[in-house]
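Work through the exercises below with the model open. Try each task before you read its solution.

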Amino acid sequence: MNPTTIAIIVIVAIVILIALYVMKTYNALVRSRNSVEESFSTMDVYLKKRWDLIPNVVATVKGYAKHEAETLEKVIAARNGNYQGMSDEEKIEANKELSRGIANINVVVERYPDLKANENFMNLNNQLQKTEEDIANARKYYNAIVKKYNNLVEVFPSGIVANMFHFKRKQMFLVDDAAERQAVKVEF
């Protein structure tokens with residue numbers, strides 16, 4: 001074999017290896033993006049359930065705590081909007097605000113022992129607590145999947161392929177507020 005033939009074979013082999021790498025990396029990015037979407041959809045079921053539970057909890061609390069209307073109105077304001085029409089990022093932000101509102105409702109509830117003993121409220125509160133636990137678990141899973149995806153999008157050399165095919169970093173569902181991380185203080 002002459003040197004030109006060997007050079008052509010080497011170049012063709014390198015091009016084939018690069019093409020295989022790009023194809024393998026592209027498929028890994030697609031699988032990872034699909035996992036992110038699936039994990040968000042799972043979490044979204046719980047977020048929607050909480051979204052729908054809030055008006056019932058607020059209505060029950062309103063009956064006992066008429067002069068706490070401002071706190072309850074803030075929760076309703078955080079909940080307002082067309083949940084189905086929101087983007088994933090808007091849902092994450094709306095639910096962060098809703099979480100802060102739920103913490104405020106819990107402060108109000110502590111002031112009314114009769115409310116805590118009300119069977120309807122206890123049932124709604126138990127459903128809400130279970131939903132919050134489900135959201136926390138789904139959020140952990142979602143964030144783990146997003147981390148894997150973001151790593152694929154950002155590290156070298158898969159980041160080059162991700163950039164070529166316009167794969168973008170995904171937002172994690174994080175607690176963003178230092179106040180949210182602290183325990184709620186109840187003062188009587």
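**Ground rules and overall build**

Of the protein's 188 residues, 32% count as buried (buried is under 20% relative accessible area, exposed over 50%, partly exposed in between, with a 1.4 Å probe and protein chains only). This is a predicted model, in which local features need pLDDT of at least 70 and side-chain atom pairs count only at pLDDT 80 or more, while totals for chains, interfaces and linings use all residues. Residues are numbered from 1 along each chain as its sequence is written, and side-chain values use heavy atoms, with hydrogens and water left out.

**Exercise 1. State how many helices and strands the protein has.**

Solution. Helices are DSSP runs of H or I with at least four residues, strands are runs of E with at least two, and both are numbered from the N terminus. The protein has seven helices and zero strands. Along the sequence the pattern reads α-α-α-α-α-α-α. Next, look at the contacts (heavy atoms within 4.5 Å). Among those with a separation of 6 or more, 79% join residues 24 or more positions apart.

**Exercise 2. Check the length of helix α3 against its residue count.**

Solution. Helix α3 covers residues 88-110, which is 23 residues. The expected span is 1.5 Å times one less than the number of residues. That gives 33 Å. The end C-alpha atoms are 33 Å apart, so the two values agree.

**Exercise 3. Decide whether K91 is buried or exposed, and list its contacts.**

Solution. Start with the location: K91 is in helix α3. Its relative accessible area is 7%, so K91 is buried. Other buried residues of α3 include I92, L98, G101 and V109. Now set aside neighbours within four places in sequence. K91 then contacts F40, D44, Y83 and M86.

**Exercise 4. Describe how α3 and α5 pack.**

Solution. Two packed helices are described by the angle between their axes and the distance between the axes. Axes are lines fitted to C-alpha atoms over the stretch in contact, and angles run from 0 to 180 degrees between N-to-C directions. For α3 and α5 the angle is about 145° and the axes are 13 Å apart. On the α3 side, the contact is made by I92, I102, N106 and V109. On the α5 side, F121, N125, L128, E132 and Y142 take part. The residues of this contact divide into six nonpolar, two polar and one charged (Ala, Val, Leu, Ile, Met, Phe, Trp, Tyr, Cys and Pro count as nonpolar, Asp, Glu, Lys and Arg as charged, and the others, Gly among them, as polar).

**Exercise 5. Find which residues touch the most other members of the largest nonpolar core.**

Solution. A nonpolar core is a set of buried Ala, Val, Leu, Ile, Met, Phe, Trp, Tyr and Cys residues joined through side-chain atoms within 4.5 Å. The largest one has 36 residues, and M43, V57, V61, Y142 and F167 touch the most other members. Helices α1 (3-64), α3, α5 and α6 (158-164) each supply at least two residues of this core. The largest share, twelve residues, comes from α1.

**Exercise 6. Inspect the backbone at P157 and H166.**

Solution. P157 lies in the loop between α5 and α6. The peptide bond from F156 to P157 is cis, with omega near 5°. H166 sits in the loop between α6 and α7 (178-181). H166 has a positive phi of about 60°, although it is not a glycine. At 59% relative accessibility, H166 is exposed.
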